[in-house]
Amino acid sequence: MGRVTVMDHPLIQHKLTIIRRVETGTKDFRQVVSEIAMLMAYEVTRDMPLEDIEIETPLVKSVEKTLSGKKVAIIPILRAGIGMVDGFLAMLPAAKVGHVGLYRDEETLQPHEYFVKLPADISERKLFVVDPMLATGGSAIAAIEALEKRGAKTSNIKFVCLVAAPEGVKALNDAYPDVEIVVAALDDRLNEIGYILPGLGDAGDRLFGTK
């Protein structure tokens, strides 16, 4: 199936159950998605480099740790990925935010980009590509292709999602083996129309109250 890290933290798992429930409304769904994203941001930044700086506390001078200036960008895949951005920004308020918009061709079911807006120095940044779902993997692969085409290094990319299907993990691993995949849950499978089971339905519709 491929490489994937599943975040089994109790708070993440508890909140994931809330958004899986069919009776969870738009307001609560949106809030809890943001909370899960914040918890995941805490975990996926664990390997960010630190450096020493000298500061002055109210009592003495002291050498302490600070992030070593590694530039970061959060890249939501439109539209559902927007639901994860605020949670990441709560942890990384200085991060830049880019956007990759994709639509699916109704006949071929292949994703096509319609909007890409990124920080100018994308090649120098560590990138967190966020989308609630990794189903077939088509959108994730297309988004990373769009980033790579504009100078991003795939070794700098982590793909962060809430719920993934094994089929999507394998497809993304096969296409981009150096992109780390981090999920809150690895679900059972895709159904015949490409929805994740047990899943949480259409994340975009549930976030924005659309059908």
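User: What makes up the lining of the largest pocket, by class?

Analyst: In this predicted model, the lining has 17 nonpolar, seven polar and six charged residues, where Ala, Val, Leu, Ile, Met, Phe, Trp, Tyr, Cys and Pro count as nonpolar, Asp, Glu, Lys and Arg as charged, and the others, Gly among them, as polar. Residues are numbered from 1 along each chain as its sequence is written, and side-chain values use heavy atoms, without hydrogens and water. Local features need pLDDT of at least 70 and side-chain atom pairs pLDDT 80 or more, whereas totals for chains, interfaces and linings use all residues.

User: Which residues are closest to the centre of that pocket, and which elements line it?

Analyst: The largest pocket holds about 870 Å³ of space, and of its 30 lining residues A80, R104, D131, S139 and D202 are the closest to its centre. A pocket is an open set of points on a 1 Å grid over the protein atoms alone, where a 1.4 Å probe fits, with protein on both sides within 12 Å along at least five of seven lines, and lining residues have an atom within 4 Å of a point. Among the elements that give two or more residues to the lining are β4 (72-78), β6 (99-104) and α4 (138-149), helices being DSSP runs of H or I with at least four residues and strands runs of E with at least two.

User: Why is the contact of K65 and D52 called a salt bridge?

Analyst: The closest N and O atoms of K65 and D52 are 2.9 Å apart, and the term asks for a side-chain nitrogen of Lys or Arg within 4 Å of a carboxyl oxygen of Asp or Glu, so the pair qualifies. K65 lies in strand β3 (residues 61-67) and D52 in strand β2 (residues 50-56), so the bridge ties together parts that are 13 residues apart in sequence.

Terms used. Points joined across faces, edges and corners; volume = space filled by probe spheres on them.
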